[in-house]
Amino acid sequence: MMQNLPETNLKTRRSVKSMAEKKFLRHMFSTRFAASAPRMRFAALGFLVLYGAICGRLIYLGFKPDPATSRRAAAQAVSASRPDIVDRNGEVLASDVKVMSVFAEPRRLIDKDEATELLTAVLPDIDSRDLRERLGAKKGFVWVKREVTSHQRDEVFHLGLPGVGLIAENKRVYPNGPIGAHVLGFANIDNAGIAGIEKYIDGQGLADLHNMGFAATPGDLKPIALSLDIRATHALRDELEKGVEHFKAKAGAAAIMDVNTGEIVALASLPDYDPNKPTDALDPNHINRMNVGVYEMGSTFKALTIAMALDSGKLNLNSKLDASGALSFGRFKIHDYHAQNRALTVPEVFTYSSNVGTARMAMGQGVEKHKAFLKKLGQLTRMRTELPESAEPIVPKNWGELNTMTIAFGHGLAVAPLQAMMAVSALMNGGYMNTPTFLKRSEEEAKKNAEQVIKAETSEAMRYLMRLNAEIGTAKKVDIDGYFVGGKTGTAEKVINGRYSKTRLFTTFMAVAPSDQPKYLFLTIMDEPQGLPETGGYATAAYNSGYVTGQIIQRVGPVLGLAPRFEPPHEPFPLLAKLGYGIANTPAVGGAKH
């Protein structure tokens, strides 16, 4: 009996353990409320802790500064806006629109080959090999294609590729196409100004504002008001285009300046380009010939020479100069194109466009005074305007007497046409030099910075000569009824292989309207215009640049508010009349005093 006791105890222990296990299982899976309540509280506590941890993590991530990624940096860069550019009347010349661009984050791409295949199927103009290389790069952000169409945008969206997305960015648009293109310039694909006023705007602090995170929308920026009148610019370009085609010129350009403010109200240079397609601007033939090209301006420079002589007091309108023959200087001889072979009065020197007469005027002043006068009128240094593009004048290195003689009638000194226009404008407006501007400027603002470079009496004498030339001289093409226009021709032989060519000409024409109360100065230039049967084969300025200027005045005058006067002004040049010059208010050529 004693031997069986351990075995009995073992069986008892096993039975007790089995009963306990069954009791525990019954307790665990019991549906009775009293038994399940602790488990419910335990489960609720577990869920509460879990969700509390998740919420805390979300709050932490929400307040934690997000590290800058390449994707975010690119999105910030392309969101930079530019201010609208408007003309003097508020018409929009340049503005931003939203476009979509496709980007990729190579590190997040699952299958780069599949992504390349799908994207090139939707965007067939992308080179698949180039795209594969970009997607294989170890970069956080790469562009796939900028400025996609709305259809392409939808197709890319429906691909649903991880690591590929769309970003809205600003694109610069120019609703008037090539009208005013050389003034506006253009912005690149990153909406940064590259040329013209667009580049000027960035230089005035726009780029800095963007870098500091300001000016994110167009509403943050005030529109830039230009001096241009888009209506006048359109009409001027249209007439210039017709003229270049008709006279078979290599190129042409034209501009209109307000002589009292220096504002450029219209400008065109052909061939031009559409700033919506900025790659066309890279063509060297598409330069702004008014601001970037430098040329010998021909006889339009005679206005500067005569103004210098009159302002010095050494000559007056009665003075005569010997033009009875060619003017010799060493082995060089200066001839007159319209030779009269006699002494000429100052008005006759102008109306006959005498090279000999103007050369003698310049020599009467001397080389140093001639240089000083041209420098005062801004012809010997680079002219600066809002346009970043400008050209340095070509000035003789060793300026001697022969240089003074030839520069007097527009040969031997090359300047930008707008630069010459600036000087002639000062001769017309009472003698005040205004640097040209492409921004709106009032007369009061202009006068604050203007420098008087000649006397008022000299300015009136020059306007008189311009008007006289339109009545009886070489500028008859601009004698438009009602506008009392004055003008001056200029024909220069181009330098080809170091020699002046008799057959390849550069022609210029300047006109002021009205000449008694000057408001606008017009300039037209043509590069290598051809003689036509109706011009008798002549290709000089009067027949092409002069004709086109007349067409521009006739068309643009009403647009600019120049009301025609069908009765001539009673006393258009009162200062000259007070000095006793009977010629001042009559169309006769002469110079006798009362």
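Let's start inside the protein, at M462. Leaving aside neighbours within four places in sequence, M462 is in contact with A303, I306, A307, L310, F350, L427 and M428. Keep in mind that this is a predicted model.

M462 belongs to the largest nonpolar core, a set of 92 residues. Along with M462, the residues with the most contacts inside this core are L226, F301, I306 and L427. Helix 15, spanning residues 417–428, gives the most to the core, with nine residues. Another core lies apart from it and has 32 residues, including A232, A254, A470 and L560. In soluble globular proteins, nonpolar side chains tend to be buried together.

| Space | Volume | Lining by class | Element giving the most |
|---|---|---|---|
| Largest pocket | about 1600 Å³ | 20 nonpolar, 19 polar, eight charged residues | strand 18, seven residues |
| Largest cavity | about 40 Å³ | five nonpolar, four polar, two charged residues | strand 9, three residues |

At least two lining residues come from each of strand 10 (295–296), strand 13 (332–334), helix 14 (401–407), strand 18 (486–496) and strand 19 (499–513).

As for the cavity, a search of the whole structure finds one of 30 Å³ or more. Its lining is made up of P178, I179, G180, A181, H182, T233, R237, L267, A268, S269 and D272. Helix 7 (181–184), helix 9 (230–246) and strand 9 (264–270) each supply at least two of the lining residues.

A few backbone details are worth a look too. The peptide bond from L270 to P271 is cis, with omega near 0°, and P271 sits in the loop between strand 9 and strand 10. A cis peptide bond also runs from A513 to P514, with omega near -20°; the loop between strand 19 and strand 20 (520–527) holds P514.

For E528, phi is about 60°, and its place is the loop between strand 20 and helix 18 (545–556). Which of the two is buried, and which exposed? N497 is exposed, because its relative accessible area is 77%, while E528 counts as buried, because its relative accessibility is 12%.

Conventions: Residues are numbered from 1 along each chain as its sequence is written. This is a predicted model: local features need pLDDT of at least 70, side-chain atom pairs count only at pLDDT 80 or more; totals for chains, interfaces and linings use all residues. Side-chain values use heavy atoms; hydrogens and water are left out. On a 1 Å grid over the protein atoms alone, a cavity is a set of points where a 1.4 Å probe fits but cannot get out, and a pocket is an open set with protein on both sides within 12 Å along at least five of seven lines; lining residues have an atom within 4 Å of a point. Grid points are joined across faces, edges and corners, and a volume is the space filled by probe spheres set on the points. Ala, Val, Leu, Ile, Met, Phe, Trp, Tyr, Cys and Pro count as nonpolar, Asp, Glu, Lys and Arg as charged, and the others, Gly among them, as polar. A nonpolar core is a set of buried Ala, Val, Leu, Ile, Met, Phe, Trp, Tyr and Cys residues joined through side-chain atoms within 4.5 Å. Buried means under 20% relative accessible area, exposed over 50%, partly exposed in between (1.4 Å probe, protein chains only). Contact means heavy atoms within 4.5 Å.
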